[in-house]
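Visitor: Please take a close look at one part of this model. I would like to start with the packing inside and then see the chain around it.

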Amino acid sequence: MSSTAPEARAAWPVIAAAIAIVAFPLFGGRFAIDLATSIIVSAIFALSLALLVGETGLVSFGHAAFLGIGAYATALLAPKAGAPSLVWLAPAVVSVTAACALVIGALAIRTRGVYFIMVTLAFSQMAYYVFHDTGIGGGSDGIYINARPTLPFVASLGDGRTFYYVAVACLFATFLLLAAIKRARFGHALAGIRVNEARMRAAGFPTYAYKLAAFTLAGALAGVAGLLWAVKDGFVNPELLAWHQSGAVLLMLIIGGLGSLRGAVVGALAFILMKEAFQSEALFGAFARHWQLPLGLAIIALVATMPRGLMGLRESWRARRRTRPGVVA
Amino acid sequence: MTAKAVAAPLEATGIVRRFGGVTAVDRVSIALARGEVHALIGTNGAGKSTLVNVLAGELAGDAGTVALNGVDVTRWRQPRRARAGLGRSYQRTSVFATFSVLENCRLCAQARRPRTRRLALDAAAHDAPSLDAARRALARTGIEPLADRVVATLSHGQRRTLEVAMCLAGEPEVLLLDEPLAGMGADETATMLALLDSLRPGHAILLVEHDMDAVFRIADRITVMVDGAVIASGAPDAIRANADVQAAYLGETDAHF
Amino acid sequence: MPIPMDIATFLVQCLNAVQYGLLLFLVASGLTLIFGIMGVINLAHGSFYMIGAYMAWGLAPLVAAHLAGGFATVLAIGIVLSVLLGYVLEWAFVSFLYRRDHLQQVLMTYGLILVFEELRSLVAGNDVHGVAAPASLAGSIALGDLMSYPVYRLLISAVCVVVALAMWLVLARTRLGMSIRAGASNREMSEALGIDIRFLYRVVFATGVALAAFAGMIAAPVSSVYPGMGNAVLILSFVVVVIGGIGSVRGALLAALLVGFVDTFGKVLVPQASGVAVYVLMAAILLWRPEGLFRRV
């Protein structure tokens, strides 16, 4: 979003949404809670990319690599016997993922524009093949996590409701962190890089370092999402790194509205619900097998007609209300 | 007492830059002095902008050295030179079109702000040091009333002024100004020239310009480039009388000295 | 250092590498031209390769039954159909992408991939199919007295070389080629000079589609016809374009051959890391030249 004079963005929709998210398990059954947890973790995944794409303008088509690396790191770092505590496992997983992001980013950020899109896609394919073909993971079958990790003060992460709240806590923490970064000097510098990188360099910003920092941060947060995914399912497989995942997270961002953190969360919700609907036999009967067709058409239609996403719609609706005759601006 | 002379704020020696078969800058040497406006003039395609790009660090030279206050910065890239006190403005306005005027300058000032140890999560919009520097630059250039306007709504002249303000916000010692008067009307030109005049103390200014009237009004020294090489350099009166310079400009209409 | 393979195997692998690289070149050259000239990044490019292969499989029995024709007829009809497809697709869909930014182009063409995949599933099912090479070319030919090599594979390489030469001729020697190269360097100027940019774009896009589909058609007897075959080719084409440089056909050729060799010998020498070798190559080149080996046409 442009850093014009501070807009009075009402906090009440965010607070209302937060309350709804927290109160949800009181009304939902097990299936609903499981779906909601998937949405929450996907929202964290989308948020992790939001700063990189929306604020810095670096379109990465390989972000699934870090989701997968985080998930596999969780499975591989967990000891063979005994339940690992997230107190050490989580920082370890995030560190490993961040380190990978640093190395991949150092190479990828040497490129610009379309090259960057293609290169990130290629690197994530490389990561996919590493897990799919070599013996690191269990090959194309994936691997199970031996024992469910534990968290102090929390009874059991195996309980759907408990895990849901842990995921929600992570979502809130990620959202608040990214909001703070966006407002801070680092975030403003990233926005400047997106709008006019040459000018930023002329002013004295080492833009390569800033971009690399943003990329590494995005990777680290994706690692958090990967960790949650692995713990939720108890199982990881290479499809987490498939480029379809990278495409999905970009779609979440554009559907919600680029440049908006709320947009990332809303976009994740909208995308997953849409996908669930198209795959639902209750709605589409036997045709649900071919869910990729309506999804593909929906993607084309949404990107073509709503390039600024749902948050963009909201902005133009508010702008139109403000300029309507008779309404005091 | 040292015998060494005080180093020039900016000194370039033997700069060469080629593009394929064309030598755009051919063994050019130039030195700026503090408190001086040094104009760089020449025919179109003389290599002036290329030279500025090499001085600024945006382009690497094929040969030659650049020194800032005696320090050899030839191998330094642009951001590092900018942080060392070298500022530049662009011939084709290069601003942040979607930000406000104030944010444009604040961002440029932020680059020079020393890094703090604190985990900087405070809002940038309240960052006092960069805000102060930005406001000072805006006040200096006279566009402080425009502070909250979005750049896309500004007129061309206002944008050119912002271009210079952004350069000043970083509080540089050396200013490389690439045609700041381009496309400006008479009033705006006068204002800009008055500004450049006021900037003389404490700064070393290189002014690339086509407007001969303005150049001869304000420059302390003039360097003339033709086809990539320097053909004359000295005080305005000497340049005016120089036969080579007159010959170079003979083909140009409106070349009135 | 011990030689890991004998001379005969080495030569066979070299020929395989060249053939693979040349096929990749056909696909990647379309991709690089479409991006270099039209500024459109088209993720669905791999789908055209798949469509070509499925066309070869679907048309073969029809052509044999109704036209008493062989493989050459199938190819000819396939080329005409894919040019038509490219023409219509550019007019109906791609022309909307010109003014969009890269992210929107990427996502819209990603949606197109899903649509193509599912249409394929509806029309041709999800099974793996084989396509028979023409009988006259089905055998192997002896190369010296060291080994024999399938004739059909040699033909693939030969055909690709002919196509590459034809492309060079058109680009370097014809007025159309000049317009294409002009369009690649400076779109607005070309328009101002009276070159019909819209027509040019349609031609370039249709050619790109036809090249990819043609590659799929001639590769079908060798690689079989299966769902998802477009995706692997797409990503490798991206690697080729990144290594070769966007907009450069020369670069695409060199990069495709490099990729062909690295991939083929990677699979033979280090089977566990087979998929990874090509990306290591890409990373190495990026360290050295972030904009690819060559830059424009």
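**The core and chain C**

Guide: Phe123(A) and Met38(C) touch the most other members of the largest nonpolar core, which has 191 residues. Such a core is a set of buried Ala, Val, Leu, Ile, Met, Phe, Trp, Tyr and Cys residues joined through side-chain atoms within 4.5 Å. Buried means under 20% relative accessible area, with a 1.4 Å probe and protein chains only. Helix H2 (residues 30-55) of chain A gives this core its largest share, 16 residues. Another core, of 47 residues, lies apart from it and includes Phe99(B) and Leu162(B).

This is a predicted model: local features need pLDDT of at least 70, side-chain atom pairs count only at pLDDT 80 or more, and totals for chains, interfaces and linings use all residues. Residues are numbered from 1 along each chain as its sequence is written, chains are lettered from A and ligands numbered from 1 in the order written, and side-chain values use heavy atoms, without hydrogens and water.

Now chain C. Its secondary structure comes to eleven helices and two strands. These are DSSP runs, helices (H or I) of at least four residues and strands (E) of at least two, numbered from the N terminus. Along the sequence the pattern reads α-α-α-α-β-β-α-α-α-α-α-α-α. The C-alpha atoms of chain C fill a box of roughly 60 × 55 × 35 Å along the principal axes. Of its 297 residues, 54% count as buried. Contact means heavy atoms within 4.5 Å. Among the contacts in chain C with a separation of 6 or more, 77% join residues 24 or more positions apart.

Methods: Buried means under 20% relative accessible area, exposed over 50%, partly exposed in between (1.4 Å probe, protein chains only).
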